[in-house]
Amino acid sequence: MTQVASELMGVDATTMVAATERVLAQLVEYFDVDFSYVRHTDRERRATVLVAEWPRRQSVPDPDPLGVIYFESADPVFRALENATEPMVVRPTPQFADYQETVRRASGIAGVTSAAVPLLSRGEPTGALGFVKAGDREWSNRELNVLKAIAALFAQLQARVVAEERLRYIALHDDLTGLANRRALLEHMEERLRAGSPGLVAAFFLDLDRLKALNDFLGHTAGDNFIRTLSTRLQENLDPADMIARLGGDEFVIVPAKPMDAAAAECEANRIQQLIARRVTVGGESVSRGASVGVALGLPGETTVADLLRRADHALLSAKSGGGNGVAVFTDAMRAQFELQDDVELNLRGAVSDGSLLLHYQPEVDLRTGRIVALEALVRWLHPTRGLLPPGAFVTVAEATNLAGELGRWVIRSACAQLAEWRRRGIAGNIVMRINVSPVQLVSLDFVERIEDVLRLFGIDGSSVCLEITEHVVVQDLARTQVTLRGLKRMGVQIAIDDFGTGYSSLSHLKALPVDAVKIDRGFVQRLGASTDDLAIVKSIIGLAGSFGLGVVGEGVETAVAARTLVGLGCYRAQGFLIARPMPAEQVESHLAVGRIPLDLDLPRAGRELPAH
Ligand code: C2E
Ligand code: CA
Ligand code: CA
């Protein structure tokens, strides 16, 4: 007994059969029988399944009549295993002719004595430990009691292995669809991308377009059924060796078993895309969702799993931004953009502290006189290998990676420090410093206090600073924005709405906010003189701003026509390449020293100058 117990301890699914065989071999010898077995009861299939036997049969028929035996069609002895809780002994009598025949066919032994002891788990039969001996043999109660104790050990082992298998299954499969989950996918890809594996490994990232709408209209159960149906469809139409994983939601990844080049991968991706986009009937409705597929290829030993998945994901994004319902293959252009983004993510935090960020300043003038009324601080990044990067290359990355706050604080501090220095030197006396503020900054709780601290530190009064915010923030969280802007106003800080005309805020929103000015988006200004639509828009913005008592600044003045048009409409303050490009501090200093930038606009007659905002 103790020998058996120690043999079965520490056994798991992979070593179970071998350990069981070793125990059976000992028992065969000890009880002097010809054949022994352990069987497991599969409740779901209503069958008894052979786990291990000893001795191993010389030749096993295919299919093995002892392998899987369904209770319904079994002989009386095997059928009894389904519910028996006490040992059964069958001796070579005509009563058990059927059973004798099954054994003879499977093992060649005729006229046998068979003893089967049920494995019990919480009183329920879960299998059997059995012995067969040619001829007649008596089993004493003492012997049967020993077998019961051994059967209990096997029952424990079996319960443990089943639970482990179940856990392993759960750990590697998606609940809803039974497809592989993220973990199983990663394991599989790791294997496929191992150095020495054959060929290119394709990965398809799939995503259903607007699945949320389906959930909203038909309910979550319908959404689940939809996903399940699609999963089955994928399984039925793909090579069984392909890896199909669901990462949750409506995201799937497929890694075809067959190595393939880009052309073959694109072709297969198109086939899958069409498969997914076909209609599905759920909850009595026939529905379909477009699907987008991103394709990427990995080279074993070169590409990492994370890289391959990110490339496929990147390609997916591009497929979706192309309107959805299509396939996109990861390209070199995507790689370049992707590398830039990676690089930015990696190095931006350092850049904020190591002095590689800098500000350029773009003058804003009164068009009638050329007098400089304000400077807009525009951030730049002197990247160690990529040269001077414009904000478009890194501001959105900063916003997506929680760096916007840090970047923004650096900009505000630096712009204020510069203004303070110029003032000390007696230039830029009544110039307003315009600073762009990203939405993330504006909603941070201590924004107002931080601005106050910086102003105090550099001895600058609030009215010398104008913060530029975009319309989007204003619309998104009107209540919060209102609180913050009022706090800023109390310090005299000015507020301008940037890129005005491109967002969705109606002027009624603006009425509720303490705003000083709007900057007409450069898109409209650039085409003044060429587009009558834009002229109408600019005209109405200037008119509305006037009726709300707001200042207006024209941005993106590139031509004399645009400048003259603005002046004609009563918008005198402007900024643009025609007047001056953004420039480094030293360069802007020489303009500040003069105080104006000469413009040759050939205006009809000079009007009255407005006070600087
Ligand atoms: P913005 O606030 O609308 O800034 C004006 C942008 O228009 C600047 O681009 C400027 O170089 C460009 N520009 C000025 N005049 C003309 C013109 O006549 N024609 C054309 N085509 N463009 C002109 P830049 O410096 O690349 O900045 C782009 C955007 O990046 C800015 O747009 C602003 O939204 C953002 N940004 C710049 N600096 C910062 C910053 O410190 N913080 C934050 N959050 N965003 C910033
Ligand atoms: Ca701006
Ligand atoms: Ca703007």
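**Exercise 1. Decide whether Glu468 is buried or exposed.**

Solution. Start with the cut-offs: buried means under 20% relative accessible area, exposed over 50%, and partly exposed in between, using a 1.4 Å probe and protein chains only. Glu468 has 1% relative accessibility, so Glu468 counts as buried. Now try Asn436: its relative accessible area is 27%, so Asn436 is partly exposed.

A word on the model: it is predicted, so local features need pLDDT of at least 70 and side-chain atom pairs count only at pLDDT 80 or more, while totals for chains, interfaces and linings use all residues. Residues are numbered from 1 along each chain as its sequence is written, ligands are numbered from 1 in the order in which they are written, and side-chain values use heavy atoms, leaving out hydrogens and water.

**Exercise 2. Find which residues coordinate the calcium ion (ligand 2).**

Solution. First, look for donors (N, O and S atoms within 2.8 Å of the metal, or 3.2 Å for Na, K and Ca; water is not among the atoms, so sites may look incomplete). Glu376 (OE), Asn436 (OD1), Glu468 (OE) and Asp498 (OD) coordinate this ion at 2.1 to 2.3 Å. Next, read their spacing along the chain: E-x59-N-x31-E-x29-D. Finally, follow Asp498, which bridges ligand 2 and another calcium ion (ligand 3), 4.1 Å apart.
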